[in-house]
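Subject: Structure for you to look at

Hello,

Here is the structure I promised to pass on. Please open it and keep it on screen while you read.

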Amino acid sequence: MMKRIALALAAAVILAPALAQAAVTVKGSDTMVILSQRWAENYMKKNPGQKIQVTGGGSGTGIAALVNGTTDLANSSRKIKDDEKAKVRDRFNVLPAETAVAKDGVALYVNEANGVSQLTIAQLRDIFMGDVTNWKQVGGADAPIVIYSRENSSGTYVFFKEEVLKGGDFAASAQTLPGTAAVVNAASKEKNAIGYGGAAYAKGVKELKVVGADGQGWLPTAENVKSGKYPLSRPLFVYSRGAVAGDAKAFLDYCLSAEGQAVVTEVGYFPIK
Amino acid sequence: MTATAAPPTGRAASTPSVIRRRQLREQAIEIGITTVALTGIAAVVLIFVFVGREALPLFTSPEIAKETDLGRMFLAQVWREGRPASYVWQPVSGVPKYSMIPLFVGTLKVTLVAMAVAVPLGIAAAVFTSEFAPRRLKEVVKPVIELLAGIPSVVLGFFALMVLATWLQTAFGFTSRLNAVTAGLALALTIIPVIFTVSEDALTAVPRSYREASLALGATRWETAFRVVLPAAAPGVLAAVVLGFGRAIGETMIVLMASGNAAQTTWSFGDSIRTLPATIAAEMGEVVFGGAHYTVLFFIGIELFLFTFILNSMASVIVARLVRRMSGSAG
């Protein structure tokens, strides 16, 4: 009897790490959390026995976890930086592999009561750098502009800073909120607000048209992002240490399959294929 | 065996060997207690040393000196051509900017709002429960206020973010929903129970004879409470205020959620603010280990440490002076 218990215990001790390892961990971009979770749910439903764990925290957090070896896959809404690549190579002797899994338009949110419906990149730059402080200056009502930005660990923050501010700094009065959902919530409640974030989140707010290279304003819709007419769009990546293999590869293949890409549209992003 | 040999009057076991044994036991207990007390001190010292070690490269590393130094952290800098010098906190940028001033101003503003609300409310509630409330009411009021201390700060922060912010904006017409007042009021809710509990204990500890003497001299209950009991409890009440202040300055979650986190140097309480602890919490997640940003965040930790240390020392000096003055006038 005692022997049997001891055997069972020993088996549990040996098996527990094996079982724990069976879960594929995915960590990173807050923008991609909803999408990744939906993929994981559907994938696990189709393949019982497979386990995918998805957590957010921001693109930088995900890539840092990839470097530290605490996650299998890192979601990132920005390209991996060269120094991060070098760190992965130094520690694991492989280069990180990049897979684009979807496309996202960075949408601009304003309150539904706001009269402004279209802005140029230059106007956006002036607003977010604090040079334009009243809606009147960009064709709206006479009211102060309340700017919402993201924490600087967010990939969306970096993307916006590079694409719109051209490397400039956000206005000091820009409030930083911990997630896209928080920005949308703030813009839905604050009548003079402007904020930015993934297009998938826009509920209860108005999305602004952004003037593209052709001089026309475009909404962040599926066709406009896919065709590249909407100027503020970006690919969403999944990074792995070296070429993906095993369970992680099976999961990534699912994400890129027709079914996986259908989920992309469902969640509000744009398919890559 | 020795007990039987002991004389009848030595019932309390006073033979040398029993005394020695008892002395040994007491020594052991004393050593144990001292060790426990020293562990507490050691923990504080070790934390300080660790945080200090992580912040030290700020002064020694030439690489970090290229990005920032004390001058750039505390003095206004010209960051854009043709603009006046300003204090900017923009750690993730082509040219990282680490000015401490907006964070100081933000922390100070939110703490002031919280203290302005919590100190009068907390002390008044304590005076009421200890001096005026009938016992039944006291038994309800005290635990309920103390229950407030049990609400997790993230819940208070969420309440401030979703509900309080909207109320305050409609009531006062703030430009931004999340600002020093919103965060300060939510913060006050966490420090009221601290101030209340400690000052209530101090008031209750004032000897009955003080009250009786005052009433016997013809003073009213109000005069007794405010002119006799409250001054007599002043050291304890002051300690309560300092505890509350320490709690307010270090509170992270509420300000992170309800203050808007905009690092700006303005004196308007209706503006969004960014505080020192919220900055550490928001940015620690993604910094490069050992880089300038990382070091600066640890430096902020040191600053917070110093603030509370200075405050506590000042308070203990004032308390000592108050106690001396009062015992002097009594004697």
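This is a predicted model: local features need pLDDT of at least 70, side-chain atom pairs count only at pLDDT 80 or more; totals for chains, interfaces and linings use all residues.

The domain assignment gives chain A two parts: domain 1 (22–103 + 234–271) and domain 2 (105–233). Taken over C-alpha atoms, their centres are 27 Å apart. The two do touch: 18 residues of domain 1 of chain A are in contact with 16 residues of domain 2 of chain A. On the domain 1 side, α3 (59–68) and α10 of chain A each supply at least two of the touching residues. α3(A) gives the most, with 3 residues. By class, that side of domain 1 has 4 nonpolar, 10 polar and 4 charged residues.

**Helix α2 of chain A**

Start with its length. α2(A) has 14 residues, and at 1.5 Å a residue they should span 20 Å. The end C-alpha atoms are 20 Å apart, which agrees.

Now look at which residues are buried. They are Val33(A), Leu35(A), Ser36(A), Trp39(A), Ala40(A) and Tyr43(A). Seen down the axis of α2(A), they fall within an arc of 160°, so they line one face of the helix. Here is the general rule: an α-helix has 3.6 residues a turn, so residues three or four places apart point the same way.

What do the buried residues of α2(A) pack against? The partners are β1 (23–28), β2 (51–55), β3 (73–76), β4, α9 and α10, again in chain A.

**Helix α10 of chain A**

This helix covers residues 258–267, and its buried residues are Gly260(A), Val263(A) and Val264(A). They cover an arc of only 105° around the axis, which puts them on the same side of α10(A). The face turned away from that side carries the exposed residues Ala258(A), Ala262(A), Thr265(A) and Glu266(A). The buried residues of α10(A) pack against α2 (33–46), β4 (96–110), α9 (246–256) and β13 (270–271) of chain A. Just after the helix, Gly268(A) takes a positive phi of about 115°.

**The nonpolar core**

The largest nonpolar core has 145 residues. Among those with the most contacts inside it are Tyr109(A), Ala160(B) and Leu187(B). Helix α9 (residues 180–204) of chain B gives the most to this core, with 16 residues.

Find Leu187(B) on your screen. Leaving out residues up to four places away in sequence, Leu187(B) touches Val110(B), Ala114(B), Ala248(B), Glu251(B), Ile254(B) and Val255(B).

Best wishes

Technical notes: Residues are numbered from 1 along each chain as its sequence is written. Chains are lettered from A and ligands numbered from 1 in the order in which they are written. A residue is buried if 20 or more other C-beta atoms lie within 10 Å of its own, exposed if 12 or fewer, and partly exposed in between; C-beta atoms are placed from the backbone. Helices (H or I, at least four residues) and strands (E, at least two) are DSSP runs, numbered from the N terminus. The arc is that of the directions from the helix axis to the C-beta atoms. Two residues are in contact if their C-beta atoms, placed from the backbone, lie within 7 Å. A nonpolar core is a set of buried Ala, Val, Leu, Ile, Met, Phe, Trp, Tyr and Cys residues joined through C-beta atoms within 7 Å. The expected span of a helix is 1.5 Å times one less than its number of residues. Domain bounds come from an automatic or database domain assignment. Ala, Val, Leu, Ile, Met, Phe, Trp, Tyr, Cys and Pro count as nonpolar, Asp, Glu, Lys and Arg as charged, and the others, Gly among them, as polar.
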